[in-house]
Amino acid sequence: MIEDACQAVGATQNGKQAGSFGVGAFSLYATKNITSGEGGMITTNDDTLNEWLRTFRSQGMKVRYLHEMLGTNYRMTDIAAAIGIVQLGKLDQFTAARVTAAARYDALLAGAPIVRQGTPAGNLHVYHQYTVHVGPARDEIVKDLANDGIGTGVYYPIPVSEQPYIKERGLGVVLPVTDALAKGCLSLPMFAAMTAAEQEEVAASLRRAVERHGGSAWPA
Ligand SMILES: Cc1ncc(COP(=O)(O)O)c(C=O)c1O
């Protein structure tokens, strides 16, 4: 199993880390919970795969200038790695700050006509995003927040089933719930250094916007 754990670094289920259930793929792009600027990391307990990956990323070489397979240059630069290692040391602190910020949003938005995420017992959510469902008026709500100077993100506006690359290959499928969710969700500002005052401003702006345009229930 390959886990796309790019947004889940530090997340656990019953104490087990994301990326340890199978082979974990993590992005260290600048927006992620920890970053090396660009690049990523792979986690595995499989020695054979580990060796293959290290050889593949280094132009197929285990021994310098001896190419035993067709590889490529996927090596991380030392500078990026140095940044990433320092970031890794701060992961627990960043995660705790995001969890605190998420709980604060939960409290600030309680009772608003939106749907917030739930986290099943036994899971540690690391809140790469704090995503809410506001319904079909999402784009107007996004504009209102932008007018208040608040940036939001839509991850992802076009579902996989609607991507041209997929459709061109005849992989046609109708997913009305997915489509409704893609049109009705937005993600609020979320980062480890976010202050309570900033979150109060975001929550107040969102409350005004959903009151003006109407927030809606989860699609059935
Ligand atoms: C879930 C998920 N998978 C994969 C990626 C791709 O990562 P990268 O941009 O480092 O290639 C991202 C990053 O946006 C992501 O969020």
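The legends below describe close-up views of a predicted model of a protein with a ligand.

**Figure 1. Overview of the protein.** The model is predicted, and the protein has 220 residues, of which 31% are buried. Its secondary structure consists of seven helices and 10 strands. The C-alpha trace extends over about 65 × 45 × 35 Å when taken along its principal axes. Across the whole structure, eight salt bridges are found.

**Figure 2. Residues around the ligand.** Seven names make up the surroundings of the ligand: Asp4, Cys6, Gln7, Ser27, Lys32, Gly39 and Tyr156. Sorted by class, this shell contains two nonpolar, three polar and two charged residues. Two of the residues shown here also belong to strands: Asp4 falls in strand 1, residues 2-4, and Ser27 falls in strand 4, residues 23-27.

Figure 3. In the side chain of Asp4, an N or O atom lies 2.7 Å from a nitrogen atom of the ligand. For Ser27, the distance from a side-chain N or O atom to an oxygen atom of the ligand is 2.6 Å. Lys32 also has a side-chain N or O atom facing an oxygen atom of the ligand, here at 2.9 Å. Taken on its own, the ligand has 390 Å² of accessible area, and the protein covers 55% of that area.

**Figure 4. Pairing of strands 1, 4 and 5.** Strand 1 (residues 2-4) runs parallel to strand 4 (residues 23-27), and three bridges connect the two. Within this pair, Asp4 is placed opposite Ala25 of strand 4. Strand 4 also pairs with strand 5 (residues 40-43), this time in the antiparallel sense and over four bridges. Here Gly24 faces Thr43 of strand 5.

Figure 5. Thr12 is found opposite Leu124 of strand 8.

Figure 6. A second residue, Ile85, is included for distance: Phe21 and Ile85 are separated by 64 residues in sequence, and their C-alpha atoms are 22 Å apart in space.

Figure 7. Side chains of opposite charge can pair when their charged atoms come close. In this view, Lys62 and Glu68 form a salt bridge in which the closest N and O atoms are 2.8 Å apart. Glu51 joins them, and Glu51, Lys62 and Glu68 are linked in a network of salt bridges. Glu68 has a relative accessibility of 47% and therefore counts as partly exposed. Lys62 is partly exposed because its relative accessible area is 44%, which lies between the limits of 20% and 50%.

Figure 8. Arg212 and Asp144 form a salt bridge, with 2.4 Å between the closest N and O atoms. This pair links distant parts of the chain: Arg212 belongs to helix 7 (residues 196-213) and Asp144 to helix 4 (residues 138-147), 68 residues apart. Arg212, at 55% relative accessibility, counts as exposed, whereas Asp144 is buried, with a relative accessible area of 14%.

Figure 9. Arg208 pairs with Asp148 in another salt bridge, and the closest N and O atoms of the pair are 3.0 Å apart. Distant parts of the chain are linked here too, with Arg208 in helix 7 and Asp148 in the loop between helix 4 and helix 5 (164-168), 60 residues apart. Arg208 has a relative accessible area of 42% and is partly exposed. Asp148 is also partly exposed, with a value of 35%.

Definitions and conventions
Residues numbered from 1 in each chain as written. Predicted model: local features only at pLDDT ≥ 70, side-chain atom pairs only at ≥ 80, totals over all residues. Heavy atoms only, no water. Near = heavy atom within 4 Å. Polar contact = N/O pair within 3.5 Å; in protein donor to acceptor, adjacent residues only side chain to side chain. Areas by Shrake-Rupley, 256 points an atom, 1.4 Å probe, with all protein chains shown as cover. Nonpolar A, V, L, I, M, F, W, Y, C, P; charged D, E, K, R; others polar. Salt bridge = Lys/Arg side-chain N within 4 Å of Asp/Glu carboxyl O. Buried < 20%, exposed > 50% of the residue type's maximum accessible area, 1.4 Å probe, protein only. Pairing = 2+ DSSP bridges.
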